Protein chains: 2
Amino acid sequence: MNDKKLPLKPPRHLCLLFLFLGMYLTSAQTNKQRPPNFVIIFADDLGYGDLGVYGHPTIKTPNLDKMAHEGQKWTNFYAGASVCTPSRAALLTGRLPVRSGMASNKQRVLFPDSKNGLPADEITLAEQLKKVGYGTACIGKWHLGHKEQYLPTNNGFDYYFGIPYSNDMDATGGKNYKEAAKEGPSAIKIADYNVPLMRNTEIIERPAEQNTITKRYSEEAISYIKKNKDKPFLVYLAHNLPHIPLFASQAFSGKSERGLYGDVVSEIDDGVGKILATLKEEGLADNTIVIFTSDNGPWLPFKTHGGSAGLLRAGKGTTWEGGMREPTIFWSPGKIKPAVITDLGSTMDLFTTFSKLAGIKIPENRIVDGVDLSGPLFEQTKSPRKNMFYYRGTDLYAVRLGDYKAHFITEGAYGQFGEREEHSTPLLYNVNEDPSEQFDIAAEHPEIIEQINTLVAEHQSKLVKGKDMLAERE
Amino acid sequence: MNDKKLPLKPPRHLCLLFLFLGMYLTSAQTNKQRPPNFVIIFADDLGYGDLGVYGHPTIKTPNLDKMAHEGQKWTNFYAGASVCTPSRAALLTGRLPVRSGMASNKQRVLFPDSKNGLPADEITLAEQLKKVGYGTACIGKWHLGHKEQYLPTNNGFDYYFGIPYSNDMDATGGKNYKEAAKEGPSAIKIADYNVPLMRNTEIIERPAEQNTITKRYSEEAISYIKKNKDKPFLVYLAHNLPHIPLFASQAFSGKSERGLYGDVVSEIDDGVGKILATLKEEGLADNTIVIFTSDNGPWLPFKTHGGSAGLLRAGKGTTWEGGMREPTIFWSPGKIKPAVITDLGSTMDLFTTFSKLAGIKIPENRIVDGVDLSGPLFEQTKSPRKNMFYYRGTDLYAVRLGDYKAHFITEGAYGQFGEREEHSTPLLYNVNEDPSEQFDIAAEHPEIIEQINTLVAEHQSKLVKGKDMLAERE
């Protein structure tokens with residue numbers, strides 16, 4: 001054997017060449033093969049006007065303001081419903097909740113004694129993303145069924161940490177919330193709400209220590225991201241605040257000029273800042289799409305413990321703009337071009353957009369209401385969403401088409417904003433010119449009403465209402 | 001003569017040394033001796049909620065949004081009155097208009113047949129700055145007296161280009177504005193408002209070509225800055241829009257989703273962008289303080305031709321927050337630290353702050369209501385303003401002290417928001433926690449009302465009401 005003829009080491013410049021080639025190929029392969037990560041940060045009952053960058057004078061949200069400045073601030077973005085359970089079903093399935101049975105005229109949301117939850121044949125965004133190997137975490141409030149078969153871990157999520165329904169449920173008969181709110185934060189007791197905190201399918205704390213819950217949710221999200229960074233991931237971080245009862249941790253309590261509600265929103269904002277910082281530190285920011293939005297408008301009867309819809313009319317529970325239009329920010333530095341987007345979008349579009357970005361087919365055996373928002377997000381083209389259907393329970397109350405919105409039925413919520421009224425000629429507003437829905441222009445625009453009527457007829461001709469999953473209670 | 005022994009040229013390195021030394025001295029001298037320039041951009045009837053960064057969904061104001069991001073966005077900043085003439089008097093004199101006689105219970109503002117104007121013994125910010133050699137320009141709407149002795153050129157301004165009162169005055173009896181507004185922009189005719197455009201004391205155009213007036217005001221400001229950059233200057237750019245009748249130039253007409261009102265605000269925003277760019281290009285940005293604000297709240301009866309106060313209550317003409325709290329941005333890159341400021345401020349404070357920055361004494365023979373805002377602007381300290389008096393005409397309707405506001409009298413305006421009502425126990429709101437003034441907490445806080453009563457007694461004990469300068473008409 002002649003060692004000299006077969007040098008063990010190749011010349012150094014060749015080494016470097018191979019090294020670089022290897023790095024190039026790995027990187028190209030990674031970029032091509034690795035779809036983006038998704039982080040959905042979903043607030044509960046946060047109003048359209050409750051962030052600094054959406055005009056609130058005293059709620060300080062420096063992290064969300066910065067996120068909006070670096071990303072896209074959407075101003076015509078809608079939740080799929082004006083209350084919690086149907087709104088969450090819409091986000092996760094990409095479908096109007098009337099289709100999945102997650103809307104009802106008998107019970108607005110699920111309760112701790114509800115029998116059912118999200119039907120097994122509904123496909124969640126998490127189930128979609130699992131098809132191509134995403135890591136999936138649901139952190140925070142679920143509210144799509146608390147029995148084991150309905151929990152996140154049975155709906156496409158690898159991991160769950162959170163409460164199964166609203167934070168004001170399992171009330172133990174303590175002080176009336178409105179009275180406690182008047183007395184001040186110290187009168188609002190954790191023990192008055194015996195809500196369970198779960199990890200996967202186990203209850204790990206009861207009552208959930210709600211004063212630290214916002215902080216812990218953000219920490220769980222960060223920890224999940226750090227542990228799962230080697231494969232694509234979905235983090236669905238659904239805070240259960242600022243839904244009442246309001247709680248903030250010590251670092252935020254009593255700090256906001258907006259009072260306890262402001263403390264709570266500031267703590268959510270702080271978590272957002274830490275999550276974005278983590279994505280940057282881990283080198284994941286440019287391949288992660290983060291969205292911040294809310295499930296429905298502010299719960300106005302709770303006065304300063306409810307939020308503000310800003311200039312929009314009414315709030316939670318109604319099909320006025322204040323009930324369903326949400327402050328919404330998309331962020332992905334380098335990918336999403338900073339802008340204010342006035343095009344229409346909906347939480348239902350996340351299902352479609354994220355599925356497409358991950359290279360997964362949209363299910364063909366059902367109607368999916370989501371559209372792909374990649375155009376406005378990445379290519380400065382217009383949103384394909386041109387309309388929005390505003391349901392209350394299983395009744396269609398209003399329809400938006402372009403600039404216009406027709407109200408066929410109007411009704412206040414929680415004793416505010418008037419009784420149920422059916423309109424033989426719908427009320428018509430140009431909600432881009434008149435965002436507060438003050439000036440009915442139905443008489444001037446019969447042609448628009450006709451267009452909307454045609455759209456409704458087409459919509460209803462294909463509508464199959466799902467079996468009511470909310471009505472039955474034990 | 002021996003040329004070789006006396007070189008005409010000193011060695012090159014010595015040249016450079018002297019050159020740098022000269023530059024250093026000149027620069028040091030300039031920095032020490034030259035006080036900052038001031039640019040005040042004042043909109044007319046713009047509401048608290050009418051900029052993107054203050055939460056409007058469809059009015060696009062990228063330049064003002066950027067100005068806010070680079071500068072300070074103030075969220076508790078007040079005009080000195082809720083209508084035009086007294087508000088302008090307050091800004092320019094640093095005094096509540098009730099003191100100068102520029103407020104009246106008989107006439108809310110000056111009209112083309114008004115006899116009087118700002119009293120000669122009032123000292124304007126321009127007169128102050130002239131004391132140390134500032135160049136001073138008033139561009140836009142004046143509204144403090146149209147007779148020669150009352151014009152800007154007789155009130156400390158070297159230069160005036162603008163209209164002497166509101167853009168809806170000198171109406172020639174054309175179509176009713178509300179009717180024209182319904183028909184669309186083309187039904188609003190320039191000739192229906194025979195308002196004069198003046199340069200110094202001469203009328204140069206009548207009726208003023210209002211469709212190009214916003215653009216021309218911004219151009220005049222830029223031209224003045226370029227011509228006067230070698231000495232310190234004050235540019236008071238008081239747009240006469242978006243006060244009705246609304247007009248926009250061709251480049252902006254029909255562009256905004258908010259309709260004509262949005263077109264107009266976008267054109268003002270465009271001018272702001274060009275002015276800030278000029279200051280940067282000319283190397284003046286770091287020694288110029290720019291403020292953008294408005295004279296009073298939105299004129300709500302004009303529907304989509306009036307603005308929006310966002311989440312604030314009511315609008316122009318009232319002492320509710322929507323009448324007097326203004327979107328306000330301070331900008332001076334490198335000097336003003338970017339922030340959202342929730343401390344109190346007022347247009348009256350510009351008189352005091354700018355006088356101090358220019359090294360000019362505040363007049364001692366009169367009460368000046370302005371305070372020095374240098375602390376929050378430059379040193380991250382709290383604003384010295386702790387209260388605000390809300391007058392309507394010459395009556396004190398409401399008083400703010402810290403977080404709280406007491407209404408002694410409430411009254412709607414222009415047939416909206418209710419009749420005049422005196423409150424034996426004032427209504428009390430925490431306007432930082434409850435910015436929409438919805439939840440009266442007078443019963444819970446008698447001690448705050450007592451503090452406010454003490455403040456009012458002290459204020460009134462020193463108050464000398466000026467002779468009514470608005471009442472007399474010819």
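Student: By what turn can chain A be laid on chain B?

Tutor: This is a predicted model, in which local features need pLDDT of at least 70 and side-chain atom pairs count only at pLDDT 80 or more, while totals for chains, interfaces and linings use all residues. Residues are numbered from 1 along each chain as its sequence is written, and chains are lettered from A and ligands numbered from 1 in the order in which they are written. Copies are superposed by least squares on the C-alpha atoms of residues with pLDDT of at least 70 in both. Chain A falls on chain B with an RMSD of 0.0 Å and a shift of 0.0 Å along the axis, by a turn of 180°.

Student: As by what kind of axis are the two copies thus related, and which C-alpha of chain A is nearest the axis?

Tutor: The two copies are therefore related as by a two-fold rotation axis. In chain A, the C-alpha nearest that axis lies 2.1 Å from it and belongs to Gly55(A).

Student: How many residues of chain A are in contact with chain B, and which elements give two or more residues to that side of chain A?

Tutor: Two residues are in contact if their C-beta atoms, placed from the backbone, lie within 7 Å. By that criterion, 28 residues of chain A touch 28 residues of chain B. Helices (H or I, at least four residues) and strands (E, at least two) are DSSP runs, numbered from the N terminus. The elements of chain A that give two or more residues to this side are β2 (72–78) and β10 (339–346).

Student: Is Ile448(B) buried or exposed?

Tutor: Ile448(B) is found in helix α12 (residues 446–462) of chain B. Leaving aside its neighbours within four places in sequence, Ile448(B) contacts Tyr404(B) and Leu428(B). A residue is buried if 20 or more other C-beta atoms, placed from the backbone, lie within 10 Å of its own, exposed if 12 or fewer, and partly exposed in between. Ile448(B) has 20 other C-beta atoms within 10 Å, so Ile448(B) is buried.

Student: What share of the residues in chain A is buried?

Tutor: Chain A contains 12 helices and 14 strands. Its C-alpha trace spans about 95 × 55 × 45 Å along its principal axes. Of the 474 residues in chain A, the buried share is 55%.
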